[in-house]
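Here is a short note for a colleague who is opening this structure for the first time. Please keep the sequence and the 3D view at hand while reading.

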Amino acid sequence: MTEKLYYIDSHMKTFTATVTSCEKDGERYLVTLDRTAFFPEGGGQLGDSGTIGDARVFDTHEKDGIILHYVNRPLDTGHTYGCVVDWEKRFRRMQNHSGEHIVSGLVHKKYGYNNVGFHMGSDVVTIDFDGELTREQLSEIEREANYAVAANYKVTATFPSEETLKTLEYRSKLELTENVRIVEIENVDVCACCAPHVSSTAEVGTVRILSSERRRRGGEGVRITMLCGLDAYDNEVIISENNTEISVLLSAKRNETADAVRRLMGENEKLKTRCAELCGALAKMKADAVAPTEGNICLFDSVLDEPSLRALVNECVKKCSGIAAVFSGSDEGGYRYIIGSRSVDLRKAAKSINDGISGRGGGSSEMIQGSCTACSLIIQNFLTNFTV
C-alpha cells in the first residue's frame, strides 16, 4: 500500500520514494512507489504531474487502490529517487478546489442547495447546484466567499471515526461509511473530499464567479462558472487588457466602456436600418430600369443586402416570361444567387441550372437560392439561353 504523503502535507513539493514496480504500457510506463506526494485524479481534481528522478510524470491515477504514475521512461525497481511535484499547477488546483468548497458551503448554508456536479477544467471550474440562484444572489455569495478568504480561516482534513462520523453534519454527493476524509473550512463548510486543499482560506487568494446558466440536464438548478487564486488573477489581467483596448478604441474611460458599447450598438442599429432603406430604394430603381422581356433576366450586384436582392428578383419576375436571376459577389470570390419564376418549376430545374453555373442550391418551385463559382460571362451566357 502506497503511503499517501499528500494527505500528511498537501504542500509537499519534493520527496524521496522507492520504486516498487515499473511496467511498460504502450509508449509510457506505469510506476508505483512506496510513498507519494503526487495526488491521483479524484474528487473532481486532476492528477498531478512532475518528475521522478529524470523521468517525467505526466499524470497520476488510482486504480483498485494502487496509485499509478504515468511516466515517459523506465525506472529501476527498488531504487530510491528524488521526486518533484509540478507545484504551481497543483497549487492552482488547490486554490480552485478550496474556493469551490467555500462557494458550495455558503450556497448550502444560505439557500440549502446541494452541489450536484463539479468539474475542474483546464480553463474554468464549473459547479452545478440543484436550485435556482439569481445574479444578485450569486454576487452576494461571491462577496461572502471573498470575506471568508480575507478572514484567513483554517482549512483542516481529518479521517473521523465511524462513531464521530454518525454525529457529523457534512456535505457529500455519495453515501460514505468508511475511510471518509472530511475537509473543514472554519465557519464556512464541512465536506467529504479526497483531494488536497490549501491550509487556510487566505491561500485561495480571490474567488470570482464568472457566469451562470440554467442546468441543461438533471432537472432544475443552475451551473456557475468560476475561478480562484492565480487562475482568477490571470483571467482578470486578460479582461483588463481587453477592456483597456476597448476604452482606447471607443475613446471612453475604462469604467464607462459598457455604456460606450451600448451607444455604439444603438448607432449601428440606426445605420443598419438606414442601409436597409437605401438598399430597398436602390432595388426598386434597378427593377424599374429593367425592360420587360419574353425571355430571362440576369442581373449582377455587389451592393444590395439579401432582403433587397430578394425584392429585386420578385419585381423582375413580373417583367419576364422565363426566369429572373440576381447574382451578388465577384468572379474572384464567387457568387450568391437568387432565382425566381412564375412559369418555370425551379425545384425541378435547379439541377440543370446549378450544373450550368457550377453552383449548389435549391428551394421551392417559385424561388431557389445558393452559390456558384462560374464567372459572370459564363453565367450570363447560360441564363440568357436557358430554357426548360
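The numbered points below go through the model place by place.

1. Ground rules. This is a predicted model, in which local features need pLDDT of at least 70, side-chain atom pairs count only at pLDDT 80 or more, and totals for chains, interfaces and linings use all residues. Residues are numbered from 1 along each chain as its sequence is written, and side-chain values use heavy atoms, with hydrogens and water left out.

2. The start of the chain. T2 sits in the segment before β1 (3-4); strands here are DSSP runs of E with at least two residues, helices are runs of H or I with at least four, and both are numbered from the N terminus. T2 has a relative accessible area of 12% and is therefore buried. Buried means under 20% relative accessible area, exposed means over 50%, and partly exposed lies in between (1.4 Å probe, protein chains only).

3. What T2 meets. A polar atom of the T2 side chain lies 3.0 Å from the backbone oxygen of L33. Leaving out residues up to four places away in sequence, T2 touches L33, D34, R35, T36 and I67. Contact here means heavy atoms within 4.5 Å.

4. Aromatic pairs. The count comes to twelve aromatic pairs. Rings of Phe, Tyr and Trp (its six-membered ring) pair if their centres lie within 6.5 Å; planes under 30 degrees apart are stacked, over 60 edge-to-face, and the rest tilted. Y6 and Y7 form an edge-to-face pair, 4.8 Å centre to centre with 70 degrees between the planes. Y6 is buried at 1% relative accessibility, whereas Y7 is partly exposed at 26%.

5. A link across the sequence. The rings of Y6 and F39 have centres 5.4 Å apart and planes at 85 degrees, so this pair is edge-to-face. Y6 lies in helix α1 (residues 5-8) and F39 in the loop between β4 (35-36) and β5 (50-52), so the pair ties together parts 33 residues apart in sequence. Both Y6 and F39 are buried. Ring pairs link Y6, Y7, F39 and F159 into a cluster.

6. A charge over a ring. K13 lies over the face of W87, 4.6 Å from the ring centre. The rule asks for NZ of Lys or CZ of Arg within 6 Å of the ring centre and within 35 degrees of the ring normal.

7. The largest core. Which residues have the most contacts inside the largest nonpolar core? They are I102, V103, F129, V207, I224 and M226, in a core of 35 residues. Such a core is a set of buried Ala, Val, Leu, Ile, Met, Phe, Trp, Tyr and Cys residues joined through side-chain atoms within 4.5 Å. Among the elements that give two or more residues to this core are α2 (87-111), α3 (135-150) and β15 (222-228). α2 gives the most, with seven residues.

8. V103 up close. V103 is in helix α2. Its relative accessibility is 0%, so V103 counts as buried. Beyond its neighbours within four places in sequence, V103 is in contact with I127, F129, I141, A145, V207, I224 and M226. V103 and V207 are 104 residues apart along the chain, yet their C-alpha atoms are separated by 8.5 Å.

9. A hairpin. Strands β19 (residues 359-363) and β20 (residues 367-372) run antiparallel and are joined by five bridges. Two strands pair if DSSP finds at least two bridges between them. The hairpin connects β19 to β20 through three residues. G363 has I368 of β20 as its bridge partner.

Conventions: A polar contact is a pair of N or O atoms within 3.5 Å; within protein, one must be able to donate a hydrogen and the other to accept it, and residues adjacent in sequence count only if both atoms are side-chain atoms.
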